[in-house]
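Welcome! Please take a moment to look over the sequence and the structure below, and then we will walk through some of the details together.

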Amino acid sequence: MAQEDMFKKLVSHCKEYGFVFPSSEIYDGLGAVYDYGQYGVELKNNIRKYWWDSMTLLHENVVGIDSAIFMHPTIWKASGHVDAFNDPLIDNRDSKKRYRADVLIEEHLAKIEDKINKETEKAAKRFGESFDEAQFRSTNARVLEYQAKWDEIHSRFAKALNDSNLEELRQIILDCEIVCPISGSRNWTEVRQFNLMFSTDMGSTADGALKIYLRPETAQGIFVNFLNVQKTGRMKIPFGIAQTGKAFRNEIVARQFIFRMREFEQMEMQFFIRPGEELDWFKRWKETRLRWHKAMGLGDHKYRYHDHEKLAHYANAATDIEFEMPFGFKEVEGIHSRTDFDLSQHEKYSGKKIQYFDPELNKSYTPYVIETSIGLDRCFLSLLAGSYVEEALDNGETRVVLKLPAALAPVKLAVLPLVRKDGLPEKAEEIINMLRFDFRCQYDEKDSIGKRYRRQDAIGTPYCITIDHDTPNDNCVTIRFRDTMEQERVAIDKLHEIITEKVSMKTLLKKIID
Ligand code: ATP
């Protein structure tokens with residue numbers, strides 16, 4: 001299936017099965033804002049819990065907080081967001097559509113990379129076993145030509161970003177002959193900077209009202225609480241503070257469903273360390289975070305690191321963990337070595353000393369920080385994209401199944417009486433009453449058993465339990481496994497154990513540390 005079709009299917013599946021709805025739909029929606037439905041919210045809660053537990057249970061020295069969305073406006077001055085949280089935007093005069101100039105160039109670079117990969121794949125097929133990929137890439141004339149082009153654009157692009165040279169960004173777009181995907185024209189405006197923060201007024205009187213911002217990241221709530229947590233928790237460096245919560249960005253281009261939203265949720269952890277130890281900790285967190293992603297079992301090859309071309313002036317290392325979305329490899333999480341920038345800035349702007357006395361070194365210093373920052377909604381999208389499968393069945397039908405990790409699936413088991421009589425519904429109720437305290441169960445008695453299985457497959461329920469006429473006599477049920485569709489007859493009192501083994505969060509958490 002073409003990736004584009006696959007993405008469309010995924011979006012409509014999300015709506016049809018109660019995962020994600022466009023916000024304010026009966027009023028024709030609101031750009032790049034979405035609501036989570038009855039299954040979406042369960043999946044989202046499970047991902048959040050998986051992240052939270054991985055941070056606060058697996059690391060004794062990581063604790064959580066929940067800071068307010070509204071914060072003192074000077075925080076955003078100190079953090080640099082008021083002056084520099086900008087994206088370079090460009091308009092196409094014919095289509096009147098707005099784009100991020102950097103994204104247009106990145107997409108152009110990705111197309112060149114694609115061409116190189118296609119050439120390589122073709123050659124690999126032609127030469128079979130004797131194919132030497134490294135040699136081919138370093139000698140094939142066409143590949144070398146593409147690579148030279150890529151290198152040239154890439155180095156101009158990196159320099160333009162580093163120098164914030166907007167004219168040069170526009171020039172690259174013109175030189176690469178990048179066209180607007182809607183109008184097909186190259187009639188571009190100048191490139192301008194656009195601040196992504198939403199603002200509002202707090203307070204009732206006109207002159208007493210304070211202009212405040214909706215937080216564009218949760219991280220600053222952690223930095224301004226550094227001393228509170230360190231002192232009250234008697235935390236010793238190294239230690240981390242984790243937080244999940246809503247963030248808001250007035251994104252210029254917001255087209256890819258929940259990949260880029262104007263209201264979204266972040267899960268961030270700031271890890272405070274001794275200056276000089278940052279590159280070592282950066283490496284460790286990079287590895288830990290990748291293990292967290294891979295433990296979900298969507299396929300290791302679907303993840304890759306992408307080191308940043310442009311480092312923020314305060315960062316000395318930064319990488320993204322990218323996932324292969326239906327529209328290419330895209331950032332899901334950022335890991336940044338932020339030096340002492342944030343704490344120093346807050347010290348400067350607040351006038352309060354923000355330092356740590358290290359008893360082992362017998363001196364005070366401003367801690368350095370490694371940040372791990374993941375978008376909950378993007379992680380949600382990666383899970384859906386990585387688990388959505390259309391499978392041809394032996395009887396000629398197709399089943400759509402979400403092969404979600406059992407621990408994260410919204411519903412853990414469906415309990416299905418074969419018929420709506422003969423005491424079978426009552427038996428089903430008994431089983432649900434036994435299991436409901438530990439697992440989200442769903443009762444379904446409508447339609448044929450096949451149809452009921454399909455409905456559960458479509459929402460990713462790992463287990464279906466069927467109650468038949470023998471059940472009241474032998475106290476056994478048939479358990480059907482989502483991925484293999486295999487069925488097994490098991491005793492009712494074994495159910496808890498069988499289900500726990502797979503759906504407990506422990507199974508995922510253990511994979512991270514093993
Ligand atoms: P991008 O380059 O895609 O705009 P970013 O580098 O600005 O992302 P960060 O500021 O590093 O993103 O934010 C950390 C994480 O927050 C990202 O990895 C992503 O998962 C998530 N995130 C950022 N912006 C959005 C958004 N508009 N919608 C959904 N998630 C987002």
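## Helices α5 and α8

Let's begin with a pair of helices: α5 passes α8 in a crossing that is left-handed. In this predicted model, α5 spans residues 101-127 and α8 spans residues 166-175. Their axes lie 10 Å apart, and the two helices pack at an angle of about 35°.

To find the contact, look for A101, L104 and I105 on the α5 side. Facing them from α8 are L169, I172 and I173. Sorted by class, this contact has six nonpolar residues, with no polar and no charged ones.

## Helices α2 and α11

Helix α2 covers residues 38-56, while helix α11 covers residues 278-294. Their axes come within 12 Å of each other and cross at roughly 145°. This crossing of α2 and α11 is right-handed.

On the α2 side, the residues making the contact are I47, Y50, W51, S54 and M55. On the α11 side they are W285, R289 and W292.

## The surroundings of the ligand

For M261, a backbone N or O atom lies 2.8 Å from a nitrogen atom of the ligand. For G375, a polar backbone atom is 2.9 Å from a ligand oxygen atom. R378 takes part through its side chain, with a polar atom 3.0 Å from an oxygen atom of the ligand. On its own, the ligand has 590 Å² of accessible area, and the protein covers 85% of that.

## Two backbone details in loops

I237 and P238 are joined by a cis peptide bond, with omega of about 10°. You can find P238 in the loop that runs between α10 (226-232) and β9 (239-248).

The other spot is S24, a residue other than glycine that has a positive phi, near 50°. S24 sits in the loop between β1 (20-22) and β2 (34-36).

Conventions: Residues numbered from 1 in each chain as written. Predicted model: local features only at pLDDT ≥ 70, side-chain atom pairs only at ≥ 80, totals over all residues. Heavy atoms only, no water. Polar contact = N/O pair within 3.5 Å; in protein donor to acceptor, adjacent residues only side chain to side chain. Areas by Shrake-Rupley, 256 points an atom, 1.4 Å probe, with all protein chains shown as cover. Axes fitted to C-alpha atoms, helices over the stretch in contact; angles between N-to-C directions. Helix = DSSP H or I, 4+ residues; strand = E, 2+ residues; numbered from the N terminus. Left-handed = near helix turned anticlockwise from the far one by under 90°. Contact = heavy atoms within 4.5 Å. Nonpolar A, V, L, I, M, F, W, Y, C, P; charged D, E, K, R; others polar.
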